[in-house]
Amino acid sequence: MKTYIKKAVLPFLFMIAITAQVSAQTRSTATKSSKKETVSRTATTKNSTVTKRVSSTKVTYKTPKKKVVSVRNVPNKTVISNKGQNYYYANNKYYTQSGGRYIEIAPKVGFKVKVLPQNYKKVRFNNRDYYNSHGIFYININNQYEVVEPEIGTLVYELPDDYEKVSIDGQTYYEYANILYEKVQVNGTRAYEVIGIIDME
């Protein structure tokens, strides 16, 4: 009787062991597959343009109201028309006209010029060449230079003189043309890293 039980139970235990082994291999394969998918998605994210949007309602300016500087005349200006709006370019700055005076402005995303401002600096990030002039980022598209939003992580080593300090959730950042920067150190040198774009509301 004991011999019969042993003979009957042994094949049953063997089948359980085989089933457990196959199950473990299946889980291992599924885990590896999942890891591969995660790596692939991460790689895809890194190669795409990344921007972080921040609502203007969450941004507090150190100076509640920015002082608007206007001038009566802009010598040697060039008129650039873009999407029905006239910009006046002189001394590496853009102006708009209001009430017979000229007010300095930052060109909007999508603004295009054939020639970059004279004082631009080339900034390479994530296999893309940006051209930064007075806090405005351009890229070369079809032999024209178009204003774009920089990617998160892009570094510059100086900001325009009229940048503004802002606070978000108690942290201090720097803003120019709705681009948010954080002050960082790169190899012992002060730099400013793009950390977000302000959505005006």
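A few ground rules before we start. Residues are numbered from 1 along each chain as its sequence is written, and side-chain values use heavy atoms, with hydrogens and water left out. In this predicted model, local features need pLDDT of at least 70 and side-chain atom pairs count only at pLDDT 80 or more, while totals for chains, interfaces and linings use all residues.

**Strands and turns**

Strands here are DSSP runs of E with at least two residues, numbered from the N terminus, and two strands pair if DSSP finds at least two bridges between them. Five of them make an open, antiparallel sheet in the order β3-β7-β6-β5-β4. Its edges are β3 (70–71) and β4 (78–82), each of which pairs on one side only. On the β3 side, the antiparallel pairing with β7 runs over two bridges, and Val-71 sits opposite Tyr-102 of β7. As background, strands of a sheet pair through backbone hydrogen bonds, either parallel or antiparallel.

Then there is the run from β10 to β12. Strand β10 (residues 128–133) pairs with β11 in the antiparallel sense over three bridges, with Tyr-131 opposite Tyr-138 of β11. On its other pairing, β11 meets β12 (residues 144–148), again antiparallel, over five bridges; there Ile-141 has Gln-144 as its bridge partner.

The β10 and β11 hairpin has two residues between the strands, and His-134 takes a positive phi near 50°. Between β11 and β12 there are also two residues, and Asn-142 in that turn has a positive phi of about 50°. Asn-143, in the loop between β11 and β12, has a positive phi too, near 65°. Asn-143 is exposed at 66% relative accessible area, where exposed means over 50%, buried under 20% and partly exposed in between (1.4 Å probe, protein chains only). Elsewhere, Asn-76 sits in the loop between β3 and β4; Asn-76 is not a glycine, yet has a positive phi of about 55°, and is exposed with a relative accessible area of 75%. For context, most residues other than glycine have a negative phi.

Glu-164 belongs to strand β14 (residues 164–168) and is buried, with a relative accessible area of 12%. Counting contacts as heavy atoms within 4.5 Å, and skipping residues up to four places away in sequence, Glu-164 touches Tyr-61, Thr-63, Lys-66, Tyr-173, Tyr-174 and Glu-175.

Ala-191, in strand β17 (residues 189–199), is buried with a relative accessible area of 0%. Beyond its neighbours within four places in sequence, the contacts of Ala-191 include Leu-155, Val-156, Tyr-157 and Val-184.

On a 1 Å grid over the protein atoms alone, a cavity is a set of points where a 1.4 Å probe fits but cannot get out, and a pocket is an open set with protein on both sides within 12 Å along at least five of seven lines; lining residues have an atom within 4 Å of a point. Grid points are joined across faces, edges and corners, and a volume is the space filled by probe spheres set on the points. For the classes, Ala, Val, Leu, Ile, Met, Phe, Trp, Tyr, Cys and Pro count as nonpolar, Asp, Glu, Lys and Arg as charged, and the others, Gly among them, as polar.

| Largest pocket | About 970 Å³ | Lys-66, Ala-106, Glu-175, Ala-177, Asn-178 |

The largest pocket is lined by 39 residues; β5 (85–90), β7, β11, β12, β15 (171–176) and β17 each give two or more of them. By class, that lining has 23 nonpolar, five polar and eleven charged residues.

The structure holds one cavity of 30 Å³ or more. Its lining takes two or more residues from each of β6 (93–98), β7 (101–105) and β11 (136–141), and divides into eight nonpolar, three polar and two charged residues.

Technical notes: Helix = DSSP H or I, 4+ residues; strand = E, 2+ residues; numbered from the N terminus.
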